[in-house]
2 protein chains.
Amino acid sequence: MPAPLAPLSLRYGKGLSITSSGATGHLFYGMFVRAAEWLRLHGLVETAQRFRLAGDMAMLKEIVLSIVCGIACMTANADDSLIGQVRQWRMEYEPVVVRQLSDFTAIPSIAADASGLGTMANRLKTELSQRGFKAQLLQGGQGVPAIVYGELNTPGARRTVVFYAHYDGQPVDRAEWETDPFAPVLRSEASPKAPALDWSHLRPPFNPEWRLFGRAVSDDKSSIVAFLQAFDALKAVGRAPSVNVRVFWEGEEERGSPHLADLLRQNRSLLAADLWLIGDGPMHQSRRRTLYFGARGSLDLKATIYGPLRPLHSGHYGNWAPNPAYQAAELVMDLRAPDGSIRIPGFDRDVRPLTTAERAAIAALPSVEPSLKREFGIARGESDDGLTASTMRPALNVVDLKAGGPARAIPATAEVGLDFRLVPDQTPEHVRELVEKRLQDLGWTVLHAEPDEPTRSTRSKLLRLDWSDGYPGYRVDMTNPASRAVLATAERAGGPVAVLPMMGGSVPIYLFTKILDVPAIGLAIANHDNNQHAANENARLQNLWDGIETYAAMLAELNW
Amino acid sequence: MPAPLAPLSLRYGKGLSITSSGATGHLFYGMFVRAAEWLRLHGLVETAQRFRLAGDMAMLKEIVLSIVCGIACMTANADDSLIGQVRQWRMEYEPVVVRQLSDFTAIPSIAADASGLGTMANRLKTELSQRGFKAQLLQGGQGVPAIVYGELNTPGARRTVVFYAHYDGQPVDRAEWETDPFAPVLRSEASPKAPALDWSHLRPPFNPEWRLFGRAVSDDKSSIVAFLQAFDALKAVGRAPSVNVRVFWEGEEERGSPHLADLLRQNRSLLAADLWLIGDGPMHQSRRRTLYFGARGSLDLKATIYGPLRPLHSGHYGNWAPNPAYQAAELVMDLRAPDGSIRIPGFDRDVRPLTTAERAAIAALPSVEPSLKREFGIARGESDDGLTASTMRPALNVVDLKAGGPARAIPATAEVGLDFRLVPDQTPEHVRELVEKRLQDLGWTVLHAEPDEPTRSTRSKLLRLDWSDGYPGYRVDMTNPASRAVLATAERAGGPVAVLPMMGGSVPIYLFTKILDVPAIGLAIANHDNNQHAANENARLQNLWDGIETYAAMLAELNW
């Protein structure tokens with residue numbers, strides 16, 4: 001007997017809610033799911049993120065609605081547009097798609113596992129070769145995960161597009177995972193505590209709210225799977241690519257891509273192209289198809305504050321011995337105001353203003369703040385701006401605080417982890433210089449190593465700063481022909497697109513412009529609530545389905 | 001063959017330094033140690049805390065000096081004052097004293113070990129009975145460690161003095177200890193990495209810089225041993241107590257004495273007395289005999305700040321979602337200024353000014369700040385006042401900071417551990433009220449439980465405060481007859497005394513005045529650098545020797 005189907009809920013506006021308990025059996029359920037998809041695509045209802053169980057009366061309604069919707073669904077199935085055909089193909093092949101994503105996720109391609117990274121790269125090279133790509137591994141040196149590179153020319157194509165993704169995942173802390181991060185599990189809902197579904201013998205369609213759990217499943221292997229499956233779908237429906245296709249899948253993104261610049265320089269001629277499409281990052285919280293035309297840069301700072309050589313009794317020495325835990329609070333407040341602005345004179349001087357098009361794109365985004373506030377359990381944001389407007393500014397996040405413990409003692413040291421998010425045209429070098437100067441002006445003794453005895457005996461407010469290399473932010477011109485073509489293609493594939501002038505999170509896409517002088521645009525398909533970089537990472541199936549369609553459109557219809 | 005003797009160093013002012021390498025053998029070594037003690041007692045040299053090894057020439061000098069000093073030492077041995085006699089007795093019985101302290105320390109009388117506490121209480125009752133005390137255990141109820149109570153009346157005595165100490169120790173984190181905290185080890189220096197001395201067959205005198213390591217060895221079992229050994233010494237030299245003696249040794253001090261008030265009330269008639277001597281706390285850093293005429297009170301506050309329900313990606317949400325790690329810094333800075341003053345209007349209104357006598361006592365203290373700065377590796381204190389002047393003020397110490405971690409995420413919560421040290425006439429109740437009002441005025445939503453959904457959705461700056469019960473500070477009048485008698489007795493026993501109007505650390509001695517209406521004075525004997533409340537707690541032998549003499553004086557000579 002197959003596992004019970006998960007309940008599925010549709011909402012129409014704020015009032016009407018249509019819920020399938022999953023109990024009406026396979027026939028009705030399949031019709032219901034297909035009809036739900038059709039209704040959603042036509043903007044009539046939205047699929048709810050959270051499920052609700054209905055009572056007996058509701059089940060009757062559900063059966064009736066399923067039949068009605070099933071008839072409507074015929075229309076959907078009769079759609080002979082490119083996307084209609086791709087969708088039809090996908091509905092039949094859902095188990096194949098999920099199987100590929102599950103197989104990829106089972107390969108432990110994380111920085112701690114060089115062999116897993118190697119296995120993954122070889123597997124992807126094979127996948128490309130099987131699809132007719134001229135595939136190779138670009139080596140970056142001893143211990144550097146290879147780039148999986150693929151080339152497929154389209155006779156008569158004017159444009160060349162590079163599809164970027166990464167096949168490595170974040171490190172894992174197994175203790176925090178509900179199940180093995182490399183033994184993917186399909187669950188009926190977002191909670192990792194939901195039981196695993198035995199889906200191996202289930203017929204499609206699957207409930208699109210199901211999620212596959214595993215490390216890298218959505219960051220970023222679902223982008224790779226969406227690309228490969230879109231390619232297969234196009235072949236199945238007899239459509240050829242509209243551009244010359246290049247594939248560039250790296251294996252070091254989660255380590256900050258330390259060799260990416262060198263690899264781009266070394267392979268400049270191979271990579272000659274008109275556009276990079278960056279298949280990474282989460283979709284907009286509205287679940288609309290999402291493009292981002294830039295990303296904030298990144299710069300990490302670990303600050304260590306030195307107090308007494310050993311912890312001191314807080315009664316006998318409190319008020320006299322300097323307290324590094326207290327100074328940690330001073331440090332944070334020296335650098336940042338409650339509204340998130342950064343307390344460094346001249347810090348905003350390098351910030352490039354938003355263009356009219358960028359401001360318009362932000363204004364056009366659907367409001368997600370009320371539902372995010374509910375989801376996160378917060379009453380208000382740090383500033384009165386919306387989420388996207390806020391993340392257009394540079395950020396200084398306090399991500400780590402560590403000092404003392406349960407003993408009532410003045411600690412010997414305190415540690416503060418800070419995370420700068422940079423925007424064009426800030427550079428890590430200039431930010432570092434501004435921060436250090438600011439702290440010195442405020443009386444800190446800025447060091448880059450442990451203080452020695454002479455320093456301890458003569459200087460106070462001892463602060464060691466350890467900086468990451470970091471990289472700058474990036475925004476491409478949203479009005480150039482490539483940008484406009486990508487947006488139009490995405491809209492044709494999936495209706496209104498969430499257009500982000502810049503993603504709040506960081507990916508080093510500035511490199512493509514800087515080194516190859518080519519624009520780069522982000523194509524996000526992962527659900528925003530995917531537990532990215534945390535335990536129990538997951539990929540929502542509907543996001544994968546949408547991703548396949550968007551990739552199919554980019555492969556077959558993009559041109560300018 | 002006995003273990004090698006530890007080097008011993010004497011310093012005369014800043015220039016002359018006399019060092020025994022320990023290599024001159026037992027005869028000279030013993031003379032050297034005795035001579036050193038004599039010289040030190042006569043204020044001619046001070047025993048160095050840190051040892052220095054001397055070269056060959058130094059050894060010759062050492063031998064000559066040992067002989068010279070040995071002759072001088074005869075004078076010391078010929079001292080027939082009470083203290084001279086007690087010292088003579090102690091020199092002979094050093095192994096017995098150390099053995100008793102070691103035996104007591106081996107009993108795991110900590111809160112986590114109810115059986116260890118029971119064993120210790122019974123052992124102490126026996127020790128008192130064997131010395132002619134009418135001894136009993138005062139029970140405070142189920143699970144409450146008993147008070148060891150002893151009574152010994154002196155025919156004709158006018159005054160009754162209660163000797164307080166506690167037989168419980170701080171909890172242990174065994175992973176942090178160099179050796180088992182309940183298998184005491186004698187070492188030749190302060191470092192717990194120094195090898196254990198096999199002292200069982202060594203003849204006295206022992207090197208007074210040796211230290212015995214173990215939990216509760218100095219906090220507070222050395223006070224109990226000093227009392228018992230002083231009593232034995234007096235008996236040996238034929239001296240009777242000058243007062244009626246009461247012993248009150250509690251077993252819950254390190255848990256904050258939660259039942260002490262009840263026990264005092266219940267046993268009010270047993271405890272009728274003229275004075276309590278509180279045998280607890282560290283000696284002044286100058287190593288002078290130390291009396292404290294009060295102690296700061298204590299009040300703990302654990303503050304939990306609530307941000308989003310789950311950690312959020314700091315790139316995608318940084319600048320928009322409220323960050324509790326940042327708010328932790330705001331909280332700290334809302335309450336405290338860099339000079340240690342507390343940023344609460346009216347906070348100092350309850351602070352009783354120091355008297356002329358108290359100010360004079362502070363001014364008379366030897367300067368310890370330069371050597372403490374060296375010891376702690378700090379260039380300056382938080383304020384320009386000296387250590388003791390600083391600790392006469394109320395303190396707000398940041399003792400714990402915890403938020404986030406290595407992931408670049410806005411954490412869900414942040415925790416701040418604060419430790420208030422109160423001075424007369426502040427009360428925990430009023431401080432709590434002032435702090436909460438101040439935080440509410442500054443926009444915090446002050447809670448005393450986890451925020452529920454309605455609170456989260458309507459209020460920002462969510463702050464949960466968990467307060468300890470706390471207790472107030474205390475200062476006795478230093479000019480009253482009992483105070484003057486105690487000071488004079490201590491000075492007769494050991495020369496200039498470090499007089500602290502109030503100890504920086506907290507002991508609940510306010511209770512004796514509040515409940516029994518009797519003055520209490522602190523008699524500290526533990527070395528200040530004893531790793532109190534931390535791993536590798538230790539007792540320096542010279543402090544124990546000094547403690548025996550001070551207790552002998554208090555038992556035999558105190559009167560007013």
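## Report on a predicted two-chain model

A216(B) sits in the loop that runs between β8 and α5 of chain B. The model is a predicted one. With a relative accessibility of 2%, A216(B) counts as buried, because the cut-off for burial is under 20%. Its phi is near 75 degrees, a positive value in a residue other than glycine. Most residues other than glycine have a negative phi, and most peptide bonds are trans.

The loop between β8 (211–213) and α5 (221–236) of chain B also holds S218(B). S218(B) has a relative accessible area of 3% and is therefore buried. Leaving out residues up to four places away in sequence, S218(B) touches A526(B), N530(B), E537(B), N538(B) and A539(B). With N538(B) there is a polar approach: a polar atom of the S218(B) side chain lies 3.3 Å from the backbone oxygen of N538(B).

Another positive phi in a residue other than glycine belongs to N531(B), with a value near 60 degrees. N531(B) is found in the loop between β22 (520–524) and β23 (538–540) of chain B.

Chain A has cis peptide bonds to report. One joins P204(A) and P205(A), with omega about 5 degrees; P205(A) lies in the loop between β7 (185–187) and β8 (211–213) of chain A. Another runs from P424(A) to D425(A), with omega near 0 degrees. D425(A) is placed in the loop between β17 and α12 (428–441) of chain A.

| Residue or bond | Angle | Value |
|---|---|---|
| A216(B) | phi | near 75 degrees |
| N531(B) | phi | near 60 degrees |
| P204(A) to P205(A) | omega | about 5 degrees |
| P424(A) to D425(A) | omega | near 0 degrees |

### Strands of chain A

Strand β17 of chain A covers residues 413–422, and eight of its 10 residues are buried, so the strand is largely enclosed by the rest of the structure. β17(A) pairs with strand β13 (residues 297–306) of chain A through 10 bridges, and the two run antiparallel. In this pairing K302(A) stands opposite G417(A) of β17(A). Strand β15 (residues 395–404) of chain A is also antiparallel to β17(A), joined by eight bridges. Here A395(A) stands opposite R421(A) of β17(A). In a regular strand the side chains alternate between the two faces of the sheet.

K134(A) belongs to strand β4 (residues 134–138) of chain A. Its relative accessibility is 57%, so K134(A) counts as exposed. Beyond residues up to four places away in sequence, K134(A) touches Y149(A), G150(A) and E151(A). D280(A) is 146 residues from K134(A) along the chain, and their C-alpha atoms are separated by 23 Å.

### Helix α8 in both chains

In chain B, helix α8 (residues 324–335) has 12 residues, which should span 16 Å at 1.5 Å a residue; the end C-alpha atoms are 16 Å apart, which agrees. The helix is mostly covered, with 12 of its 12 residues buried. Among them are Y326(B), E330(B), M333(B) and D334(B). At the start of α8(B), a side-chain oxygen of N323(B) reaches to within 2.8 Å of the backbone nitrogen of A325(B).

In chain A, helix α8 (residues 324–335) reaches 16 Å from its first C-alpha to its last, close to the 16 Å expected for its 12 residues. Burial again covers 12 of 12 residues, including Q327(A), L331(A) and V332(A). N323(A) caps the N-terminal end of α8(A), where a side-chain oxygen lies 2.8 Å from the backbone nitrogen of A325(A). An α-helix has 3.6 residues a turn, so residues three or four places apart point the same way.

### Arrangement of the chains

### Confidence

The predictor gives the complex an ipTM of 0.86 and a pTM of 0.85. Chain A has an average pLDDT of 89, and 86% of the residues score at least 70. Over residues 1–5 of chain A the pLDDT is below 50, and this stretch has 11 contacts in the model beyond near neighbours in sequence. Residues 47–56 of chain A also stay under 50 in pLDDT, and the model has 30 contacts for them beyond four places in sequence.

Technical notes. Residues numbered from 1 in each chain as written. Chains lettered and ligands numbered in written order. Predicted model: local features only at pLDDT ≥ 70, side-chain atom pairs only at ≥ 80, totals over all residues. Heavy atoms only, no water. pLDDT = per-residue confidence, 0-100. Contact = heavy atoms within 4.5 Å. Buried < 20%, exposed > 50% of the residue type's maximum accessible area, 1.4 Å probe, protein only. Helix = DSSP H or I, 4+ residues; strand = E, 2+ residues; numbered from the N terminus. Pairing = 2+ DSSP bridges. Expected span 1.5 Å × (residues − 1). Polar contact = N/O pair within 3.5 Å; in protein donor to acceptor, adjacent residues only side chain to side chain.
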